[in-house]
Amino acid sequence: MATCTQRKMIVFPSKNELSEAMAEYTANLSAKFCKEKGLFTVVLSGGDLIDWLCKLVQPPYLNSIEWSKWHVFWVDERVCSWDDPDSNYKLAMDGFLSKVPIPNKNIYAIDKHYAVDGNAEHCAAVYQECLENLVKESIIPICSKTQYPQFDLQLLGMGPDGHMASLFPGHPQINVRDKWVTHITDSPKPPPRRITFTLPVINSASYNLMAVCDKEQAHAVAEIMKHNNMSLPSAHLSAQVETVWYLDQAAASML
């Protein structure tokens, strides 16, 4: 699969400026896609990302974004109940989604019942089935270059080990090409059971924004930006239109 865009990197003085820039970037793309095709597909991840999206629930964005046209997905999810503290759905719902008027039917979480059972493989299959149905309904297009589903914007984060989504260094999930959604049962970061978009799906997005803050991530950032260390999953991040990395000063401190 060809990489389509070069990495673009912007370093911000603080998390606050990064958060403001992320809100502006997201709002601008929302306006662009809502105008062009009448909807906006946005993919969230977990961790601190939801905190950094808080600017979107404040003026000027709260009342200017066409929230009813948003369709929200998760790049990865922990296989647990929706009300578990580990749930990316709960994190996003509590910190962001409950504060904006996105229709519930446009929020595509892990299957509530199967997640409680802890069957990661089945949860991944059901989430892929959900995506396949949305492709049939023309909510998600298939990327003409890659033949994988093409989301408008993915908002991603990176761990200190260089992982993104639930694609971890030294684990086979990064090589999966025959699925859109795969699963992991031995995640090095708890909880062990998760589902995740595969790399071809992640890289088929039109826009990918990787937001990284804090000193713990500085070594992995340097390995990717200075040495292009492809053993780190985040080094494989690309997109169809733009791949941009937003860093705070601490994350960029080893560059």
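Predicted model: local features only at pLDDT ≥ 70, side-chain atom pairs only at ≥ 80, totals over all residues.

**Strands, sheets and spaces**

Student: Which residues of strand 9 lie on one side and which on the other, and are they buried or exposed?

Tutor: Strand 9 is covered on both of its faces, and the residues on each are all buried, meaning under 20% relative accessible area with a 1.4 Å probe and protein chains only, whereas exposed means over 50% and partly exposed lies in between. One side carries Glu 242, Val 244, Tyr 246 and Asp 248.

Student: Why is strand 9 described as largely enclosed by the rest of the structure?

Tutor: A strand is a DSSP run of E of at least two residues and a helix a run of H or I of at least four, numbered from the N terminus. Strand 9 is largely enclosed by the rest of the structure because its buried residues number 7 of the 7.

Student: In what order do the 6 strands of the open parallel sheet stand?

Tutor: Strands pair if DSSP finds at least two bridges between them. The edge strands, strand 1 (7–12) and strand 3 (70–74), each pair on one side only. The pairing in this open sheet is parallel, and its 6 strands follow the order 1-9-8-5-2-3.

Student: Which residue of strand 9 does Val 212 stand opposite?

Tutor: Strand 8 pairs with strand 9 in the parallel sense, over 6 bridges. Within strand 9, the residue opposite Val 212 is Leu 247.

Student: In strand 5, what is the bridge partner of Val 43?

Tutor: Strand 2 (residues 40–44) runs parallel to strand 5 (residues 153–157), with 2 bridges joining them. In strand 5, Val 43 has as its bridge partner Gln 154.

Student: Which strands stand at the edges of the open sheet of 3 strands?

Tutor: This open sheet is antiparallel and has the order 4-7-6. Each edge strand has a single partner strand, so one side of each is left without a neighbour in the sheet; these are strand 4 and strand 6.

Student: In strand 7, what is the bridge partner of His 183?

Tutor: Strand 6 (residues 181–184) is covered on both faces, with buried Val 181 and His 183 on one side and buried Thr 182 and Ile 184 on the other. Strand 6 runs antiparallel to strand 7 (residues 194–197), and 4 bridges join them. Thr 182 has Thr 196 as its partner in strand 7, while the partner of His 183 is Ile 195.

Student: Which strand gives the largest share of the lining of the largest cavity?

Tutor: On a 1 Å grid over the protein atoms alone, a cavity is a set of points where a 1.4 Å probe fits but cannot get out, and lining residues have an atom within 4 Å of a point. The count is 1 cavity of 30 Å³ or more, and about 50 Å³ of space lies in the largest. Its lining includes Trp 74, Asp 76, Tyr 127, Val 181 and Phe 197. Strand 4 and strand 7 each give two or more residues to this lining, and the largest share, 3 residues, comes from strand 7.

Student: About how much space lies in the largest pocket?

Tutor: A pocket is an open set of points with protein on both sides within 12 Å along at least five of seven lines. Of the 23 residues lining the largest pocket, Gly 46, Gly 47, Gly 157, Met 158 and Lys 189 are the closest to its centre. Helix 2 (49–52), strand 4 (76–78) and strand 8 (207–212) are the elements giving two or more residues to the lining. The space in the largest pocket is about 350 Å³.

Student: Where is Gln 240 found, and what is its relative accessibility?

Tutor: Gln 240 belongs to the loop between helix 7 (218–225) and strand 9 (242–248). Gln 240 counts as buried because its relative accessibility is 13%.

How values were computed
Residues numbered from 1 in each chain as written. Heavy atoms only, no water. Points joined across faces, edges and corners; volume = space filled by probe spheres on them.
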